[in-house]
Amino acid sequence: MIDQRFNPKDHEQRIYQRWEEAGCFKPSGDTSAQAYSVMIPPPNVTGSLHMGHALNHTVQDILCRFERMRGKNVLWQPGMDHAGIATQMVVERKLAAEGNQSRRDMGRDAFINKVWEWKEESGGQILEQDKRLGSSMDWSRTKFTLDDDMSEAVTKVFVDLYNYGLIYRDKRLVNWDPHFETAISDLEVETKEVDGHYWHLRYPLADGVTYEHPAFDEEGEPAGIETRNYLVVATSRPETMLGDTCVAVHPDDERYRGLVGKFVDLPIVGRRVPIVADEYADPEKGSGAVKITPAHDFNDFEVGKRAGADVLNILTSKAAIVGGDEAEAAGIPEQYIGLDRFEARKAIVTAFDELGFLQEIEKLKIEQPVGDRSGSVVEPWLTDQWYVDAATLAQPSLEAVQQGKTKFVPENWDKTYYNWMNDIQPWCVSRQLWWGHRIPVWFGPSFETFEAFENSKREDESFDLGVTVNANISNTSGVKYFVAATSEEALAQARSYYGDGVSVALSENDDPAIRFAFNLKAGTRSVKLLQDADVLDTWFSSALWPFSTQGWPNETDNLKAFYPSAVLVTAFDIIFFWVARMMMMGIKFMDGEVPFKDVYIHAIVRDENGKKMSKSEGNVIDPVDLIDGIDADALVAKRTTGLRQPEKAPQVEKETRKKYPKGFEAYGADALRFTLAAMATKGRDINLAVDRVAGYRNFGTKLWNATRFAQMNEATFGQSLNPQDLELSVNKWIVSELYKSTTAIVDALEEYRFNDAAAAIYKFTWDILCDWYLELSKPVLMGDDEAAKAETRLTLGWVLEQTCAALHPFSPFITETLWEQTGERTDFLMQQTWPGLDGGWGDEAAADEMNWVLRTISEIRSVRSNVNVPASAKVPVSLLDANDETAKRVEAHRDVICRMARLDRLALAKAAPDGAVKTVVDEATLVLEVAEFIDTSAEVERLSKTLDKLNKEIGGLSGRLGNEAFVAKAPPEVVAEQRIRLAELQGTRDKLSAAREQLSS
RNA sequence: GGUCGAUUAGCUCAGCGGUAGAGCACUGCAUUGACAUUGCAGGGGUCACAAGUUCGAACCUUGUAUCGACCA
């Protein structure tokens, strides 16, 4: 006999270990079977399991377990992402906290070693947590995006794309994160609305020019015209004026028409800059004149280009004001050099104020771009970076979705994908970080550069020139790129490029410069190649995940079997980051074949109020806490650490204690998984309510207890059952119902309707199996018809096993435990065949018969309750007007009806005794002889209420059927159906109304 | 500003042309033997609003309002 309760802690980890040891997670390797593969979205190595992962992984695990049971050769590929910025940040913080040298002091190699050490010690805890969830990934194949074989794939893709002309180096404004001192892609920039200011600055006109401008009085009312010798520009970033190289006004703006072509004398720096006409200037916004800083604003860059204006850089990589040559070029006074941008802002505003050039400070909301990892304000900055020609790669990826080669589920996400793909910008893939795939490019001087220097330095006997190519310095012109998988290949390319007279070698570690030299006397020329210091965007390697994990570029069996994958499961927030890029790379490198056939986009898990779960908001529900339980104090402690606003801790505590006064119980992984599946609808958000987890834990308990009941009644487990051999209607019926439910689950899962699948197994288990079948079987199991008993024991055991099988993908632990503990098992439930795979089985006659039994019992119970017959009272019931079939059914099921409806007698009769309560089931009238309990007037009232409802519905139906247009135009089956229903309702109405007549007389 | 989406029972959400559903919460009744992590019965909804299409609209179309997400 199984325990009284299922205690998840006693079984989950034990069962998981058994599965893993038995190799249950590995692909069957049966190549005759259909392959089914799912690649996990590799979580960050720094990550820990949050609710989003839990949903994501539950969905994948349900699919994988289901398809395994359907006999497919299933691979669920695990792995992790090295997560460049995130990881580097974590390790840098840790080093700082431990009082270590900074990354730059330590040097590149030493730092990377530290990161690897950290990774081995603390990275990847999410994968361990995944085991708690029951994820059936094949751990023996776990990949890490920085593994050697993965890096090989990354390098090859980079080199090939370069050779196809799809990767190029370009000098453009890039989003620069001054905190990490790296470029980031457009996608890594978030726009935040913050309180800011518009400073209205006066730029004096040069050469004594004046113009007429509408004037306003102190209330802002128009007050004629005034003569101005200055132009007002409004800016949220006054410090950038140091780099202004023109001022733009709209060509149609009457106010400034006469000023186009004139100049302003830029205060502080004393530069004379032109006033140009450009449609970018919005007459409605601010003063209508806009200062243009081409080096520090994307729009200004374009305006500057159109106007032929200079580009003056004024910021360092840390977003401080530049010094040196650049300061000189921009005319930046000494006192500003080295100031942080926000300090510089104050200083510039003060300076304008002192000069009398600060006209107004306007408070308003401004849109501020911030780095998604650092949270610091991103600066557009002019640098040389590597770009992927995304637009070219996007085209076939767009077409693949349009042609249905890859389908989005729900399908409306394809619009999001199209919008992005149609407007895709070059993808900046180089990052000025250390943790990542080193870009496989070596720099040397271009041949022309070399010769030009050589010629200009002829008189020197020897010459040694360094050209730094660090991206921080924005000049790499005159550089030749050797793009190669290995340094040997790069050297070979260089030797062939420079010719025999030049000796080529690699530069020493950490030398930040390309070096080349010649020596006339000795007749030697030499070049030292410098490998690009940068690494690739993390998403570059994730984009290759579907094939790089399977051994590409080698043509492996895995690649053949498991590419393309069946489905990619993810949330919508990484459609751009990841899905789109996998499509591009997959199609490009896998002969046009898409990386996955379906993309299932699931919702984002929020807290029960619909807020995004966030550690900094203190509203996180940790999946493992729902599995293992957590007391209120520990939960509060967890939620009040790491708050964005620590002063909110008392409020967070109050809310947490109010909502979860006892913390969370240990609901177990099954309950959590089932909840997530039940809530995985095709909507956008899931608001996770802990109550529901409790409810689905109860569901597990229900099944557990049903099994205990079966054991107590000597149900037989581990036997096969042929539905054709069944004799009893009740057994035929439950098997039919089982197959109906498993079919519904299959249909739902094939369409990714996880909520419908979960609802189907829930309803079958609880409402049909437990509430009805178990009760219906009791008279048989406790009776003395040995044949019927044996058949019912067999059916009961078998149906429970099949139920466990159908529930297994959702709730693997409790079902596997039940399987293990109800028989001598030589294998696992997770290896069993899905119920009804060879086609279901149904028995309509048995279903009709049992449905009549169910209706009859329900009807009697309902009447009893309505007229307040005490639950303990056993009442006699007779049936009037029963036809032959009903009479037979009464004979067959009298015992069970009496038991379940609490009757002391059920008999056919010709007339009703006085004071009886009547109700109708089909053609027959049920007469409850409960005169002693009822109050006639209450009963008349009850009947009247029922009759009102009936009449209303009958009215609606007959009205519809009386409508010629309906009869003529609606589908015949609908008309027929409604006619039948009308007839039924009328029959019932007539009988009940007769019953009422009788009572009232 | 553009795009996508939401508005259904007290709450969280399904349903998306043919009798308004689930879970939780609520009400009444039930307590020896599967299960109180329970059973039985029940109350509760002009499906945001307006117009249109249709024999028929929660569902399709258009508009309005409110809320949200993403992209500028």
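I began with Gln60, which I found in helix 2 (residues 51-69); helices here are DSSP runs of H or I with at least four residues, strands are runs of E with at least two, and both are numbered from the N terminus. The model is predicted, so I note that local features need pLDDT of at least 70, that side-chain atom pairs count only at pLDDT 80 or more, and that totals for chains, interfaces and linings use all residues. Residues are numbered from 1 along each chain as its sequence is written, and side-chain values use heavy atoms, with hydrogens and water left out.

I then looked up the exposure of Gln60, and it is buried, with a relative accessible area of 0%; buried means under 20%, exposed over 50%, and partly exposed in between, with a 1.4 Å probe and protein chains only. From C-alpha to C-alpha, Gln60 lies 8.7 Å from Leu568, although 508 residues separate the two in sequence.

Next I turned to strand 16 (residues 379-388), where 10 of the 10 residues are buried, so this strand is largely enclosed by the rest of the structure.

For the neighbours of strand 16, I count two strands as paired if DSSP finds at least two bridges between them. Strand 5 (residues 167-177) pairs with strand 16 in the antiparallel sense over 10 bridges, and within this pairing Lys171 has Asp384 as its bridge partner. Strand 18 (residues 427-428) is also antiparallel to strand 16, over 2 bridges, with Val388 opposite Trp427 and Tyr387 partnered by Cys428.

I placed these strands in an open sheet of 4 strands, in the order 6-5-16-18 and with antiparallel pairing. Its edges are strand 6 (182-184) and strand 18, each of which pairs on one side only.

Lys654 sits in helix 21 (residues 649-659) and is exposed, with a relative accessible area of 65%.

Notes
Chains are lettered from A and ligands numbered from 1 in the order in which they are written.
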